Amino acid sequence: MELNPGDSVFVASKEVLNLPSDMTAQVLLRNSRIRQGLSLDAPLYFPGHHTRVFYRVTNVSADSIALDAGRGIAQLVFEPVAGAVDAPYEGAFSDELDYRGLGRYQNVYAADMHRIADKAEEIKGIEKRMYGNVLALMAIFAAIFTLVNVNVQTAGWELAKIITMNLATVGSFAFLVGLITVVLKPQERWQKILPWVLAALAFASAIAVAVLV
């Protein structure tokens, strides 16, 4: 297989470890593979551990690296322990001849992953609300400056026309804020409805003033 830059893969060895109670084993990357651009992550195998050897390799180079069963990747280093240990390894990954992922730690880490995912969603929500608030404030400031400009330009007009222009301007910017809420989808219902209510009231008032006055 081809391991692309930045990609990782779990590797299972053909060999099976059956460590005595006075020896540990460590998985190390071959010198040629280090120079090629591979990185290796592997556990320390404790006395009494019976398992197939599993480890992860990552391509940290800028080029694709070919991996195949005919070319070695790692090597085992055995280290004797001074005397047999009192409690040989009988952990979650004992007798692992087929890859079991997180083993019995699945539930422990799954809860942590759920909490992390919830926090990530919470941060996304905060970020979205911040963007929404910024856009809404920009729309409000633009509306204020536009209203000032409208009132300067309509100075000397009839009062009804001035009121109509101001109401139409307010309605237009309320409509813009409503479109922003459609995109950002705020959680609070009143935040979704209020801009449309203001826009409708402003436009209706502008039409009423223009027609009746």
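For the charge count, Lys and Arg are taken as positive and Asp and Glu as negative, while His and the chain ends are not counted, and each charge is placed at NZ of Lys, CZ of Arg, CG of Asp or CD of Glu. On this basis the protein carries 18 positive and 20 negative side chains, and the centres of the two sets lie 8 Å apart. The structure is a predicted model, in which local features need pLDDT of at least 70 and side-chain atom pairs count only at pLDDT 80 or more, whereas totals for chains, interfaces and linings use all residues. Residues are numbered from 1 along each chain as its sequence is written, and side-chain values use heavy atoms, with hydrogens and water left out.

The secondary structure comprises 4 helices and 8 strands, where helices (H or I, at least four residues) and strands (E, at least two) are DSSP runs numbered from the N terminus. Along the sequence these elements follow the order β-β-β-α-β-β-β-β-β-α-α-α. The radius of gyration of the protein is 34 Å, whereas a compact globule of 213 residues would have a value near 17 Å; the radius is taken over C-alpha atoms, and the globule rule is 2.2 Å times the number of residues to the power 0.38. Along the principal axes, the C-alpha atoms fill a box of roughly 100 × 40 × 25 Å.

The accessible surface amounts to about 14300 Å², of which 62% belongs to carbon and sulfur atoms, as computed by the Shrake-Rupley method with a 1.4 Å probe, and for residues only the protein chains shown count as cover. Of the 213 residues, 27% are buried, the term denoting under 20% relative accessible area, with exposed meaning over 50% and partly exposed in between (1.4 Å probe, protein chains only). Among contacts (heavy atoms within 4.5 Å) with a separation of 6 or more, 69% join residues 24 or more positions apart.

Not counting residues up to four places away in sequence, Y55 touches V9, F10, V11, V27, L40, D41, A42, I73 and A74. In the loop between β5 (44-45) and β6, H49 counts as buried because its relative accessibility is 5%. With the residues up to four places away in sequence again set aside, H49 touches L17, N18, L19, Y89, F93 and S94.

Helix α3 (residues 159-184) includes A174, which counts as buried at 10% relative accessibility. The C-alpha atoms of A174 and L194 are 8.7 Å apart, although the two residues are 20 positions apart in sequence; apart from its neighbours within four places, A174 is in contact with P195, L198 and A199. T181 also lies in helix α3 and is buried, at 14% relative accessibility; beyond its neighbours within four places in sequence, T181 is in contact with P186, Q191, K192, P195 and W196. K192 itself belongs to helix α4 (residues 189-212) and is partly exposed, with a relative accessible area of 40%. Leaving aside its neighbours within four places in sequence, K192 is in contact with T181, P186 and Q187, and a C-alpha separation of 9.4 Å is found between K192 and V177, which are 15 residues apart along the chain.
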